[in-house]
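Subject: Structure for you to look at

Hello,

Here is the structure I promised to pass on. Please open it next to this email and follow along.

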Amino acid sequence: MVVPKSEFISTNVWRDDLFKSKVVFCTGGAGSICSAQVLALVYLGADACIVGRNVEKTEKAAKHISTVRSGARVIGIGAIDVRSFDNLKNAADRCVRELGGIDFVIAGAAGNFLSSINQLSVNAFKSVMDIDVLGSYNTLKATLPYLLESAAKHRVDPETLTPAPTGTGGRIIFVSATLHYAGQAFQTHVAVAKAGVDSLSNNVAIEFGPQGVTSNIIAPGPIANTEGMERLVSSVRRVDAFKSEPLGRYGSVRDIADATVYLFSDAGSYVSGQTLVVDGASWRLGSIGRVQNYPDPLLSATIFTKVKGMKQSK
Ligand code: HXC
């Protein structure tokens, strides 16, 4: 089935061949947010390699993404655990062998569940740290040689400040979150991990900026119809929680895809070491994990029920 363009990217904003002959490598690429990011890039001309732990899910997502543009080359590599550097190195090398290079990287694999510190085992904390922090580091390490190659080919001229005629390249986006900005209940493991991911991105921007690499964070807020939201707050959605968001709605995966396209395009050339929060100001109001402070008692009750049932229902 062909996906209508308006579902995954803002129409009439981006040029259709913006990323022609560019290659994106994405971890967590079968997930709702990352597959939407890749879908938009592929629609705009890129080829893609997505990797994930689940073989069937990853291959299915790659097939789906490839339908978005005729002639698109999209590889799905399953059985890749981002906690293994060797797994990622093999996948990145295969991507380059089959697609010719890596211009853009999206480090999107993440682990997430609600748990109070009381119930969280040391191993559960470590699992999320390993998936998010070590996984992001492994993704960077495995793709860095290729990102540097691409950056060298696509540099903005430092004298004239004109973009390279070959377009853009050498860019990485880490997908983070907003839940560590203020402190939240039941998300300590994820918050600590995301703070680490943010720090990684900032350091990459400084260390490899001189070679033309840009590194940024996209921090999504509550995004509708994603597995993460479904699993974390499906009970909340039933009581129309989106109405109490600052913009009166949740975000869509298209909102995240548009931000991704911006950061990888010419328009994002001088943006590095930044966090682009795409959350409709949600975190400023206090978000889903801050249940004790949530203004709506019904919401608090449903979230508490969800959290208390979480460990048993795993
Ligand atoms: C408490 C849990 C648990 C849960 C797992 N564990 N689920 N503890 N509550 N719901 C514990 C296990 O008991 C175990 O500890 C340890 O975690 C490791 O679990 P494993 O089953 O061995 O799985 P593992 O392969 O290590 O992966 C762990 C995982 C991961 C983190 C649960 O599979 C996962 O998160 N998958 C979901 C991926 C996902 O949805 N990603 C999108 C994230 S969205 P013990 O002590 O028993 O050995 C996102 C957005 C954030 O990140 C912002 C949201 C607002």
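Below is what was found in it, from the overall fold down to single residues.

**Overall**

Keep in mind that this is a predicted model. The protein has nine helices and seven strands. It has 314 residues, and 46% of them count as buried. Now take the contacts between residues at least 6 apart in sequence: 75% of these join residues at least 24 apart.

**The core and helix α1**

Start with the largest nonpolar core, which has 81 residues. Among those with the most contacts inside it are Val24, Val38, Leu41 and Ala48. Helix α1, residues 32-43, gives the most to this core: nine residues. In general, nonpolar side chains tend to be buried together in soluble globular proteins.

What does Val24 touch, leaving aside its neighbours within four places in sequence? Its contacts include Val38 and Leu41. Ala46, Ala48, Asp103, Phe104 and Ile106 complete the list.

Now look at α1 itself. Of its 12 residues, 11 are buried, so the helix is largely enclosed by the rest of the structure. The buried ones run from Ile33 to Tyr43 and include Cys34, Gln37 and Ala40. At 1.5 Å a residue, α1 should span 16 Å, and its end C-alpha atoms are 16 Å apart. After the helix comes Gly45, with a positive phi near 115°.

**Helix α2**

Helix α2 covers residues 55-66. From first C-alpha to last, its 12 residues reach 17 Å, close to the 16 Å expected. Which of its residues are buried? They are Thr58, Ala61, Ala62 and Ile65. Seen down the axis of α2, these fall within an arc of 100°, so they line one face of the helix.

What covers the buried residues of α2 includes α1, β2 (47-51) and β3 (74-77).

Most residues other than glycine have a negative phi. Two residues are worth a look here.

- Ala79 has a positive phi, near 60°, and is not a glycine. It lies in the loop between β3 and α3 (85-99). Is Ala79 buried or exposed? It has 12 C-beta neighbours inside 10 Å, so Ala79 counts as exposed; the cut-off for exposed is 12 or fewer.
- Leu161 is not a glycine either, and its phi is positive, about 60°. Leu161 sits in the loop between α4 and β5 (171-175). With 9 other C-beta atoms within 10 Å, Leu161 is exposed.

Best wishes

Terms used: Residues numbered from 1 in each chain as written. Predicted model: local features only at pLDDT ≥ 70, side-chain atom pairs only at ≥ 80, totals over all residues. Core = buried A, V, L, I, M, F, W, Y, C linked by C-beta atoms within 7 Å. Buried ≥ 20, exposed ≤ 12 C-beta atoms within 10 Å, placed from the backbone. Helix = DSSP H or I, 4+ residues; strand = E, 2+ residues; numbered from the N terminus. Contact = placed C-beta atoms within 7 Å. Expected span 1.5 Å × (residues − 1). Arc of directions from axis to C-beta.
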